[in-house]
Amino acid sequence: MNPRAQMRRVQPRRTWFDLLSAVQFLTRLRVPTPPYEQDSLARAVKFFPLVGLLIGSGSAALDRALTPHLPALVVALLVVVYMIAITGCLHEDGLADAADGFGGGWDREKVLAIMRDSRIGTYGAVAVVLSVLARVLLIASLPQTHVSAYLLVAPVLSRWTTLPLSFILPPARNSSADQVDGQGARIARLTTSGSLVIGSVLSLVMAIALLRSHALAPVLASLVMTLVTALYYRYRIGGITGDCFGATNQLTEIAVYLCGVWI
């Protein structure tokens with residue numbers, strides 16, 4: 001077979017496998033398991049915003065179904081519970097570990113050691129409680145005409161942050177003994193410029209299409225949150241871990257909802 005023809009046949013299949021890898025990594029949804037490849041997660045990051053849209057679609061549908069029957073705070077709580085359930089507490093776990101590490105560790109080695117500890121500490125528990133509380137209150141406070149749009153855009157932009165973070169930051173753990181750090185850290189410095197561009201364009205288009213004139217503030221907030229946390233991670237531990245991705249994701253989602261309430 002002609003090599004070019006063979007490549008054209010392989011490319012759509014690989015793209016499909018990358019999308020499945022993204023869904024499988026970020027959610028608890030049952031999807032066909034793609035063939036394992038060492039760089040599959042690094043290739044899949046460009047579809048993280050699309051998975052965010054998938055998660056947000058469920059949030060928006062749940063909100064529309066429950067709003068006529070329940071108070072806004074109860075609806076917001078159920079929406080947040082849904083988001084936690086469908087992601088398997090992936091990002092909350094990262095936020096908790098990062099809060100424990102950065103809150104309790106004074107030097108790089110101590111921060112990384114605390115992050116690896118599976119037990120949750122005071123900083124982590126408080127961070128998760130505040131994250132859940134902030135999201136519930138902010139979602140309940142969103143203008144009713146814009147709730148669905150922000151429930152769609154927030155998961156998109158929060159998951160987009162993984163692309164620039166993994167593009168610019170190296171893994172914080174470099175020694176062979178530190179390689180067992182979860183799949184999230186394996187994409188550090190492995191995200192290509194092509195994936196960054198594709199994921200960023202997808203995120204921007206979705207944000208503008210859903211929020212129109214209100215898209216600027218959430219997009220800027222996501223950029224600022226990504227830059228600030230990237231600088232902080234670089235300063236404290238010299239790079240990034242999988243927990244850091246989860247922490248930035250949570251902070252960015254809160255920032256997007258805050259933009260919706262503020263405006």
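These questions and answers cover cysteines and helix packing in a predicted model.

Reader: How many disulfides does a search of the whole structure find?
Author: A disulfide needs two cysteine sulfur atoms within 2.5 Å. For Cys89, the nearest cysteine sulfur, that of Cys244, is 19 Å away. The search of the whole structure gives a count of zero.

Reader: Is Cys259 buried or exposed?
Author: Buried means under 20% relative accessible area. Cys259 has a relative accessible area of 13%, so Cys259 is buried.

Reader: How do helix 11 and helix 12 run, roughly parallel or roughly antiparallel?
Author: Helix 11 spans residues 216-237 and helix 12 spans residues 242-262. Their axes come within 9 Å and cross at roughly 150°. Angles over 145 degrees count as roughly antiparallel. Therefore helix 11 and helix 12 are roughly antiparallel.

Reader: How does helix 7 run against helix 12, roughly parallel or roughly antiparallel?
Author: Helix 7 covers residues 122-141. Its axis and that of helix 12 cross at roughly 25°. Angles under 35 degrees count as roughly parallel. So helix 7 and helix 12 are roughly parallel.

Reader: How many charged residues are in the contact of helix 7 with helix 12?
Author: Arg135 in helix 7 and Glu253 in helix 12 are among the residues that meet here. Seven residues of this contact are nonpolar and three are polar. The charged residues number two.

Key:
Residues numbered from 1 in each chain as written. Predicted model: local features only at pLDDT ≥ 70, side-chain atom pairs only at ≥ 80, totals over all residues. Heavy atoms only, no water. Buried < 20%, exposed > 50% of the residue type's maximum accessible area, 1.4 Å probe, protein only. Axes fitted to C-alpha atoms, helices over the stretch in contact; angles between N-to-C directions. Helix = DSSP H or I, 4+ residues; strand = E, 2+ residues; numbered from the N terminus. Parallel < 35°, antiparallel > 145°, perpendicular 65-115°, else oblique. Contact = heavy atoms within 4.5 Å. Nonpolar A, V, L, I, M, F, W, Y, C, P; charged D, E, K, R; others polar.
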